Amino acid sequence: MRTLQVDDEALGDKPDLSASTSDGPSHARIASWLLDRIASGRIRADDKLPPEEELAASLGVSRMTLRQALGSLEGRGYIERRRGRSGGNFVREPKIEVDLSGLPGFTELMRRANVRAGARIVRAGIVPATTEVAAALELGRQRDVIEVVRVRSARRVPLALEETYLPAHLFPGFLERSLTGSLYALMRQHYDLSPHHAKEWLEPEISTPEHAELLEVEAGSALMLVTRQASTAAGQPVEFAYDRYRPDRTRISIDTTTD
């Protein structure tokens, strides 16, 4: 851990906060400046920022303005405020962006974030479809599905718990293939049945003891549950999934447009 000083090289040149500029309010420009230093690696995870009084004075702003900037970064997961004698503002490991637009899949999401995706298989097999799974995949009664449950990680830290169901009759031999990479790639390359359209539901969920242990969080911690029903371009349902994300390590986004 480093304790930064206001004249530390890691902070670099201070932002221009003069009234003549039109780049938004001062607190937004301060937040942008700090975020740029964090993204570039000049300010690293676990670094302690200078005391608020000193940093505000060096920037020529009030402590309230600085606190607005720090608060916005805290809300986005880049800064952690700690109280007490050894407290202060500490830089956190940046959250990984999980952009659900376009059905990228976890492996592709991590590639975009320039981190290597990891996968640990919890269980994989053929199981009877539950009522909800059967309805989502438009299966008849007593139809079997492929169940694949994996812990997905990045930087050796668990980020998500994926619980995926595929119609067993559409994917013969699927369980004999390597399941530590992209399931979508397997569906596309070997079966020509990759998802093209999906409907997803996002809702908070309290972790069960089992899910908490797998994701290495405390039981009862909040998770973000993404339930997904995916179909091919022809409208054939091919996937139903429950993806549970750690909100302390990920940030979910969706890109939308208007007609």
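Trainee: Which element gives the largest share of the lining of the largest cavity?
Mentor: That is α4, with four residues. Keep in mind that this is a predicted model: local features need pLDDT of at least 70, side-chain atom pairs count only at pLDDT 80 or more, and totals for chains, interfaces and linings use all residues. Residues are numbered from 1 along each chain as its sequence is written, and side-chain values use heavy atoms, leaving out hydrogens and water.

Trainee: What makes a residue count as nonpolar, charged or polar?
Mentor: Ala, Val, Leu, Ile, Met, Phe, Trp, Tyr, Cys and Pro are nonpolar, Asp, Glu, Lys and Arg are charged, and the others, Gly among them, are polar. The lining therefore divides into 10 nonpolar, four polar and seven charged residues.

Trainee: How do you know that β5 and β6 pair?
Mentor: Strands, which are DSSP runs of E with at least two residues, pair if DSSP finds at least two bridges between them. Here 10 bridges join β5 to β6, so these antiparallel strands pair. S153 stands opposite P158 in β6.

Trainee: Why are β4 and β7 edge strands?
Mentor: The open sheet has the order β4-β5-β6-β9-β8-β7; β4 (117-128) and β7 (197-206) are its edges because each pairs on one side only.
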